[in-house]
Amino acid sequence: MKRLLLVFAHPDDESFTAAGTIAKYRKAGWEVTLVCATHGEKGGAGPYAPVSSQKLGAIRQKELEEAAAVLGISHMILLDYKDGKLAKLEAGELEDILYKKMEETIPDCIITFDTTGVSNHPDHIKISYATTFAFQKYAAWVEDQLRLRSTITTDVLPKLYYACMPESVAAFLKKNKNIPTQSFGKPWTGTADKLVTTVIDISRFTGLKRKALLSHRSQQVDVQRFLSFAANPLAKHEYFILRMHGTTEVFMGKNDRVFNKL
């Protein structure tokens, strides 16, 4: 059985960025594990406001469990870090934990944020870099194991993908006022389209993505903004960058092939 590992910062990250892909690969028989670094206790509270951070964290955990059940996520690991504080962790702490989770779950494919964090969120950016560092160590370990058995071939090497929002999609959503022009003090620009290697058609799984998003009731403002825009490209396609294949760095350009599968 193939294994997919998701590494994100907050409850709802998985649904906004990769819900359709998760559902698609789960249907294809993959086992899916989610690592979520925080409980999202500093996010909006929606209908639960006013509420303490501790209570909101518990609410968002329940919402995440509901969304995970909708998408068929087999295992969920919450690391219990403080929301909004990931960037202040000592170098290597989060990386070591993520590497251990990779070694435990032996994923064929890992998905995390690209280095913009999609929305410039510092927690997202930290998760991106920490996961990349951990993956490099994990991929080297896998290659060592395969080399010992003389079975090392490219088709069995793990892959690291970055979930992203292409510049063209970001520009379209900003024009239609679906996302802000600024996010966390920086322009929301997205990732250069030429870097996108993988576009997953999730049109058959849009209903499941919608249901997963609606599970995150505390985040109803962002969820409704996403769902209310009928022309939202992210309801039909999800976008990724193949960042690493085994220990090999992948650098993509405008002439590279775009794949429709991970």
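## Salt bridges at a glance

A search of the whole structure turns up eleven salt bridges, each being a side-chain nitrogen of Lys or Arg within 4 Å of a carboxyl oxygen of Asp or Glu. Side chains of opposite charge can pair when their charged atoms come close.

Before we look at individual pairs, please keep in mind that this is a predicted model, in which local features need pLDDT of at least 70 and side-chain atom pairs count only at pLDDT 80 or more, while totals for chains, interfaces and linings use all residues. Residues are numbered from 1 along each chain as its sequence is written, and side-chain values use heavy atoms, with hydrogens and water left out.

## Two pairs that involve helix H2

Helix H2 covers residues 53–71; helices here are DSSP runs of H or I with at least four residues, strands are runs of E with at least two, and both are numbered from the N terminus. Lys-62 is exposed, at a relative accessible area of 59%, and Glu-65 is partly exposed at 32%. For these labels, buried means under 20% relative accessible area, exposed means over 50%, and partly exposed lies in between (1.4 Å probe, protein chains only).

Glu-66 has a salt bridge of its own, to Arg-217, at 2.7 Å from N to O. This pair links distant parts of the chain: Glu-66 belongs to helix H2, whereas Arg-217 is in the loop between helix H6 (206–215) and helix H7 (220–228), 151 residues apart. Arg-217 is partly exposed, with 35% relative accessibility, and Glu-66 is partly exposed too, with 33%.

In helix H4 (residues 122–148), Glu-143 and Arg-147 are four residues apart, about one turn of the helix. Their side chains form a salt bridge in which the closest N and O atoms are 3.7 Å apart. Glu-143 is buried, with a relative accessible area of 10%, while Arg-147 is partly exposed at 45%. Asp-144 joins in as well: Glu-143, Asp-144 and Arg-147 are linked in a network of salt bridges.

## Backbone features in the loops

A cis peptide bond joins Ala-49 and Pro-50, with omega at about -5°. Pro-50 lies in the loop that runs between strand E2 (31–38) and helix H2.

Asp-12 is not a glycine, yet it has a positive phi of about 100°. Its place is the loop between strand E1 (3–8) and helix H1 (13–27), and Asp-12 is buried, with a relative accessible area of 8%. Phe-184, also not a glycine, has a positive phi of about 55°. Look for Phe-184 in the loop between strand E6 (182–183) and strand E7 (186–187).

## Thr-21 and its neighbours

Thr-21 is part of helix H1 and counts as buried, at 0% relative accessibility. Which residues does Thr-21 touch, not counting those up to four places away in sequence? The contacts (heavy atoms within 4.5 Å) are with Ile-111, Ile-200, Ile-202, Glu-238, Phe-240 and Leu-262.

Thr-21 can also be placed relative to Tyr-162: the two are 141 residues apart in sequence and 13 Å apart in space, C-alpha to C-alpha.
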